[in-house]
2 protein chains.
Amino acid sequence: MTRELIERLLKGDRRALARLLSLVENGTPEGMEALRRIHRFTGQAGTVGITGATGSGKSTLVSQIAKEFHRRGKKVGIIAVDPSSPFTQGALLGDRVRMQELCQDEDIFVRSMASRGALGGLAETTMDAMALMDAFGKEVILVETVGAGQDEVAVVQATRTTVVLLTPGTGDDVQMMKAGLMEIGHIYVVNKSDREGAPGLTQQLNHVLSLAPSKAWNPPVLNTVATTGQGIAPLVDAIQRHWKFLAESGLGAADNRQRIRHHVLSLVQQKFLQHTLARLRANGTLESLVNAVTRGELDPQSAAEKILDNLFAPSKTQPSN
Amino acid sequence: MTRELIERLLKGDRRALARLLSLVENGTPEGMEALRRIHRFTGQAGTVGITGATGSGKSTLVSQIAKEFHRRGKKVGIIAVDPSSPFTQGALLGDRVRMQELCQDEDIFVRSMASRGALGGLAETTMDAMALMDAFGKEVILVETVGAGQDEVAVVQATRTTVVLLTPGTGDDVQMMKAGLMEIGHIYVVNKSDREGAPGLTQQLNHVLSLAPSKAWNPPVLNTVATTGQGIAPLVDAIQRHWKFLAESGLGAADNRQRIRHHVLSLVQQKFLQHTLARLRANGTLESLVNAVTRGELDPQSAAEKILDNLFAPSKTQPSN
């Protein structure tokens, strides 16, 4: 079944893409098998991560960017990630629905994700979803997320180009600037630039960026009004300029290696944990160690080491430490 | 040196506590050794996690709770966690300084943490810091964090009692309610209750909570004005009532086991990753596999499996799968 689904995916069948995204998101063996098989068809898509506070007009902006790429003849996919909702999924459903509506006429594939993968983080699941869209034939993949927590930063950093979105007149933006977003953006966008505080915020951003040490790529600050489409074409120009820069400087290849290294190590950790849990459940070790820690007879560090010794035991007579 | 520091810690020496917190936060071997040795002196402190949006008056409220516990004869420690800042640490420094000032006269120990541990998550580092404060002799430990991301939720859930703070007239609060905070709180607090929208927000919270299935503990909604101290005593009453409930129902012991289980498994993962990275760096396996994935000759899943096979190799002739 996986084989047939993959064949359909590679031929550009949207339903096969939707089905495989679900299989991957749910951590099924079929999904994992699909990821294995499609890997050699990936690596071509240009990817963009877009983050900003709620209420910054992000969904509208992302829709506009998607449409502009579409006008430039690109096949576009959108992944909307909502990591702030570990319990009630779908908190931002309204936004997603609006985005879906904005994009439905133009063959722009939109996918929402609110959950981590079976065992991995949200960034890993996002990478897997991007791989599927890439193999499907999407040439541009936009990943949208909310806020500036560690999860959100990990998500946008799984893409080539990070766009940080701010809006005038919201305290949130100062908060985001403080919270480290000034270090991660390749492009800064002041949306709702028809509002009063826009020139001030733009100036402030330029000032903060000017304090950073000069780099090979100096992040531009752009102005948009997503609702009218103003400034969208220059923004898409800047994204394409950044991709060109990455390709020509060789930094793109280095970034890519770094992402792959991180992804492989995450998978190692996931698989190890799966293996460990299965084994510990089977032999009851975990519960007896937890009991000992609860009673204060053993500390958590030593309990963890006993588990590792046990796992690696057959291969060693001495714990390697 | 560790032994002497621990002796001083157990005698209530503040400088020893500060030094050990740094050693643990930086993931040093001395810190790990200290955690091992103090484990049997922990488990007594009552712990409270407090989360709310920025601007909700959280630092002031936490200071007031600390002072009220102090008035009730308890030794109090505060851990202020700032997970939203993976890059520039200390974004909320101003708040922390204010809190420190509020608490300095009353022997309330305040510690700020902005970084994850060496390899573990912020929740794990917070648990370690709580263990040190507990062994030091703090009877009440307040853990404060901002927002409702996965990191923040993990941090507050490392404590016995989760207090969720909201303020009238901020869209943030609706966002937080949507984002799943209605499932994690044991106590809800409407701060700045002298403001216009307070009765409405209180009513709204009570309504949302009334929709949840009835449980053994039904979270109360309390009103405070942290700046004047109004409502603080009833809030501290509610926290103590929750602790009593946990003790009498046996749910506290079950929660504690669950936290210990999670902590031990996190440590297993950390230590495994450390071991793996050291070995992979030594033999160059990781780089050659990353190269193969980059060239599309190997998929990330298979690369991860090769690494695991390699690690467990001496003990098996067949990969167990």
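In what order do the seven strands of the open sheet in chain B run? In this predicted model, the order is β3-β2-β4-β1-β5-β6-β7, and the pairing is parallel. Strands β3 (109-113) and β7 (221-223) of chain B form the edges, each pairing on one side only. Direction ignored, neighbouring strands of this sheet are turned by 20° against each other on average.

Within the sheet, β2 (residues 76-81) and β4 (residues 140-146) of chain B are joined in the parallel sense over six bridges. In this part of the sheet, Gly77(B) stands opposite Ile141(B) of β4(B). Helix α4 (residues 58-71) of chain B packs on the sheet and touches β1 (46-52), β2, β4 and β5 (161-166) of chain B. The direction of α4(B) makes about 175° with that of β4(B). Helix α9(B) lies across β5, β6 and β7 of chain B, at about 165° to β7(B).

Most residues other than glycine have a negative phi. Lys192(A), by contrast, has a positive phi of about 55°, and phi of Lys192(B) is also positive, near 55°. Lys192(A) is located in the loop between β6 (187-190) and α9 (198-211) of chain A; Lys192(B) is in the loop between β6 (187-190) and α9 (198-211) of chain B. Lys192(A) is buried because 25 other C-beta atoms lie within 10 Å, and Lys192(B) is likewise buried, with 25 other C-beta atoms within 10 Å.

In chain A, the loop between β1 (46-52) and α4 (58-71) contains Ala53(A). Ala53(A) counts as buried because it has 22 C-beta neighbours inside 10 Å. A separation of 29 Å is found between the C-alpha atoms of Ala53(A) and Gly43(A), which are ten residues apart along the chain.

Terms used
Residues numbered from 1 in each chain as written. Chains lettered and ligands numbered in written order. Predicted model: local features only at pLDDT ≥ 70, side-chain atom pairs only at ≥ 80, totals over all residues. Helix = DSSP H or I, 4+ residues; strand = E, 2+ residues; numbered from the N terminus. Buried ≥ 20, exposed ≤ 12 C-beta atoms within 10 Å, placed from the backbone. Pairing = 2+ DSSP bridges. Axes fitted to C-alpha atoms, helices over the stretch in contact; angles between N-to-C directions. Contact = placed C-beta atoms within 7 Å.
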